[in-house]
Amino acid sequence: MKYDAQNCVLISKDKLTKTIYDFRLQNKELAALTKPGQFVQVLVPGKTLRRPISVCDVNGDIIRLVFEVRGEGTEILSLMKPGDEINIIAPLGNGFELDKNKKTIFIGGGIGVPPMLYSAKQCGENATVINGFRNKDAVILSEDISSCVGNLIITTDDGSYGIHGFVTQPLLELIDSAEMICACGPTPMLKNISAMAKEHNVPCQVSLEQRMACGIGACLGCAVAVYRGDGSTFYKHVCKDGPVFNSEEVAW
Ligand SMILES: Cc1cc2nc3c(=O)[nH]c(=O)nc-3n(C[C@H](O)[C@H](O)[C@H](O)COP(=O)(O)OP(=O)(O)OC[C@H]3O[C@@H](n4cnc5c(N)ncnc54)[C@H](O)[C@@H]3O)c2cc1C
Ligand code: FES
């Protein structure tokens, strides 16, 4: 596969919380190619290594990225202004395998919530989304998501908004009616969801996050241990073979 780096125009920039930004980038060709659950590698001015960011949504020729400022790279990115050009390599990774006729539960934890918008919207009324956050101030994308899915449930760790507790609480009540689960968020959350899916016999796809350098399978920087059929393990690349994996494949 050939990876093209292309410039996009930053059409709009919004601040969703104190540390989370919402960028809309215009590029007709890349928008048309992008599938739910895929990511882009963003070139940050002054940095050699690109930063991986999931595609939050695609509307016409607009690719939407929602990211949190974590370190120097995302800080520099957050200072870019509408009208600026941003260079991205996209679309990358495999994305979620979705069937709009299947009752699917989408689960996002914290900054794992953005890719759930474009993914869940594919299943419309058949999508239930469960999003978990630390507290009320961290809640993002609720209106965007509730406007295009059957049901949105929000949990917060401290009970300041929605259900008090973790995403696994409402999941337990709904899991037996689900035909598929798709999840993105912190590893302990994904591990718990994966165990629940196995116990209740529901297929589950998880989007994993690993530190990445090249983003295209060339540096071995993003290895994740997965099972072979005989129970032994080997390594796959999160950037090229993922970021989405069948949860039973992952050697948690
Ligand atoms: C497939 C994928 C999708 C992602 N989607 C999103 C998203 O939608 N929104 C969002 O806010 N964040 C997302 N992340 C995490 C985001 O890539 C990191 O927060 C970001 O790279 C941190 O860069 P930094 O320069 O600010 O931090 P620094 O810690 O200064 O980064 C130093 C180096 O480590 C790498 N790095 C650091 N943390 C991560 C990380 N968690 N994952 C991968 N590389 C990392 C950076 O690319 C850089 O090369 C995603 C990560 C992956 C792997
Ligand atoms: S980031 Fe280089 S191989 Fe995945």
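Colleague: How many bridges join strand β10 (residues 151–156) to β11?

Modeller: Two bridges, and the strands run parallel. As a general rule here, two strands pair if DSSP finds at least two bridges between them. The elements themselves are DSSP runs numbered from the N terminus: helices are H or I over at least four residues, strands are E over at least two. Within this pair, Thr155 stands opposite Ile163 in β11. One caution: this is a predicted model, where local features need pLDDT of at least 70 and side-chain atom pairs count only at pLDDT 80 or more, while totals for chains, interfaces and linings use all residues. Residues are numbered from 1 along each chain as its sequence is written, and chains are lettered from A and ligands numbered from 1 in the order in which they are written.

Colleague: What is the order of the strands in the open sheet that holds β11 and β10?

Modeller: Read across, the seven strands go β11-β10-β9-β8-β12-β13-β16, with mixed pairing. To find the edges, look for strands that pair on one side only: here they are β11 (163–164) and β16 (244–246). Now look for what covers the sheet: helix α6 (residues 187–199) lies across β8 (104–109), β12 (180–184) and β13 (204–207). Angles run from 0 to 180 degrees between N-to-C directions, with axes as lines fitted to C-alpha atoms, for helices over the stretch in contact. On that scale α6 runs at about 170° to β13.

Colleague: Which order do the strands take in the open sheet with antiparallel pairing?

Modeller: That one also has seven strands, ordered β4-β3-β7-β1-β2-β6-β5. β4 and β5 are the edge strands, each pairing on one side only. From one strand to the next, the twist averages 40°. You can walk through part of it: strand β1 (residues 5–15) meets β2 over six bridges in the antiparallel sense, with Lys15 partnered by Tyr21 in β2. Then strand β2 (residues 20–26) joins β6 through seven bridges, again antiparallel, and Leu25 faces Ile63 in β6.

Colleague: What do β5 and β6 form?

Modeller: A hairpin, with two residues between the strands. They pair in the antiparallel sense over three bridges, and the partner of Asp57 is Arg64 in β6. Check the turn too: Gly60 has a positive phi of about 60° there.

Colleague: Why is β6 largely enclosed by the rest of the structure?

Modeller: Burial is a neighbour count: a residue is buried if 20 or more other C-beta atoms lie within 10 Å of its own, exposed if 12 or fewer, and partly exposed in between, with C-beta atoms placed from the backbone. Five of the seven residues of β6 are buried, so the strand is largely enclosed. Ile89, in strand β7 (residues 85–92), has 20 C-beta neighbours inside 10 Å, so Ile89 counts as buried. Helix α3 (residues 114–121) is largely enclosed as well, because eight of its eight residues are buried. α3 lies across β4, β5 and β6, at about 55° to β5.

Colleague: Which domains is the chain divided into?

Modeller: The bounds come from an automatic or database domain assignment, and they give domain 1 (5–92), domain 2 (96–207) and domain 3 (208–252). Over C-alpha atoms, the centres of domain 1 and domain 2 are 23 Å apart. Residues are in contact if their C-beta atoms, placed from the backbone, lie within 7 Å, and twelve residues of domain 1 touch 14 residues of domain 2 in this way. On the domain 1 side, β5 (57–59) and β6 (62–68) are the elements that give two or more residues.

Colleague: Where does ligand 1 lie?

Modeller: Domain 1 and domain 3 both give residues to its shell, so ligand 1 lies between them. The shell counts residues whose C-beta atom, placed from the backbone, lies within 6 Å of the molecule. There are 21 of them, and the closest are Ser54, Phe67, Gly71, Gly73 and Thr74. β4 (51–54), β6 and α2 (72–78) each supply at least two residues, with the largest share, four residues, coming from β4.

How values were computed. Two residues are in contact if their C-beta atoms, placed from the backbone, lie within 7 Å.
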